[in-house]
Amino acid sequence: MAGPLGSFALVVGLLTLTPGLDTALILRTAVLGSRRQAWGVVLGIQSGTLIWGTASAAGISVLLTASRLAYETLRWAGVCYLLWMGVQMLRRRPRPDHPADEDGAERPGGWWAGWRRGTLTNLLNPKVGVFYIAVLPPFIPAGAPHLAAGVLLTSVHVAEGLLWSAALIAFAHTLRTRLRRPSVRRLLDRATGIAVLGFGAKLALGD
């Protein structure tokens with residue numbers, strides 16, 4: 001199991017380091033929100049990863065490839081959610097008079113709001129499920145308990161995601177004092193909103 005485990009860790013490690021929607025959400029929340037909310041986003045994303053990996057190991061997520069209707073329903077739910085989230089970011093205006101929390105953040109919302117956003121973003125992306133259907137089974141050794149081995153491999157992905165996210169949050173917090181001006185916060189919101197809309201459009205086009 002050590003050989004497949006190491007190979008899988010390398011594959012998902014490279015995936016984790018590749019900038020994408022998760023990275024954009026974590027950085028934005030860490031800069032504009034509180035540290036607690038940023039960790040909520042991180043744990044939400046990793047909750048989604050664990051669910052997808054477990055579903056794949058149990059054979060449940062194979063429904064995405066077996067049923068075109070299931071895949072398309074989930075895909076369009078994800079598209080709608082990303083477009084809604086992107087528009088909300090573009091419309092949001094910083095409130096200089098909003099009271100700051102203990103982290104100095106001026107953005108409302110706490111751990112639960114972050115966790116909900118991270119979880120929905122991950123679970124409503126059918127490509128994550130398809131990735132696990134394609135990548136996970138080859139790394140499970142013959143004769144090993146399929147579900148247990150799948151959960152173990154997924155846990156490696158989750159652990160790497162947590163480590164990388166911790167580095168992202170630490171980096172973002174070093175920039176907070178320079179990025180708390182309303183004009184800069186508005187620019188970050190717009191940049192992230194455009195990126196989220198782009199991911200939503202990409203998912204809608206099936207690319």
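In the predicted model, Trp115 is partly exposed, with a relative accessible area of 23%. Trp112, by contrast, has a relative accessible area of 51% and is exposed, because the cut-off for that class is over 50%. Both tryptophans belong to helix H6, which covers residues 111–123. Three residues separate Trp112 from Trp115 in this helix, about one turn.

The rings of Trp112 and Trp115 form an aromatic pair. Their centres lie 5.2 Å apart and their planes make an angle of 20°. The pair is therefore stacked, as planes under 30 degrees apart are counted in that way. Five aromatic pairs are found in the structure.

A second element of the model is the packing of two helices. Such packing is described by the angle between the helix axes and the distance between them. Helix H2 spans residues 21–32 and helix H8 residues 146–174. The two pack at an angle of about 40°, and their axes are 8 Å apart. H2 is therefore oblique to H8. The crossing of H2 past H8 is right-handed.

On the H2 side, the residues in contact are Thr23, Ile26, Leu27, Ala30 and Val31. These meet Trp164, Ser165, Leu168, Ile169, Phe171, Ala172 and His173 of H8. Nine of the residues in the contact of H2 with H8 are nonpolar and three are polar, while none is charged.

Conventions: Residues are numbered from 1 along each chain as its sequence is written. This is a predicted model: local features need pLDDT of at least 70, side-chain atom pairs count only at pLDDT 80 or more; totals for chains, interfaces and linings use all residues. Side-chain values use heavy atoms; hydrogens and water are left out. Axes are lines fitted to C-alpha atoms, for helices over the stretch in contact, and angles run from 0 to 180 degrees between N-to-C directions. Helices (H or I, at least four residues) and strands (E, at least two) are DSSP runs, numbered from the N terminus. Angles under 35 degrees count as roughly parallel, over 145 as roughly antiparallel, 65 to 115 as roughly perpendicular and the rest as oblique. A crossing is left-handed if the near helix is turned anticlockwise from the far one by less than a right angle, and right-handed if clockwise. Contact means heavy atoms within 4.5 Å. Ala, Val, Leu, Ile, Met, Phe, Trp, Tyr, Cys and Pro count as nonpolar, Asp, Glu, Lys and Arg as charged, and the others, Gly among them, as polar. Rings of Phe, Tyr and Trp (its six-membered ring) pair if their centres lie within 6.5 Å; planes under 30 degrees apart count as stacked, over 60 as edge-to-face and the rest as tilted. Buried means under 20% relative accessible area, exposed over 50%, partly exposed in between (1.4 Å probe, protein chains only).
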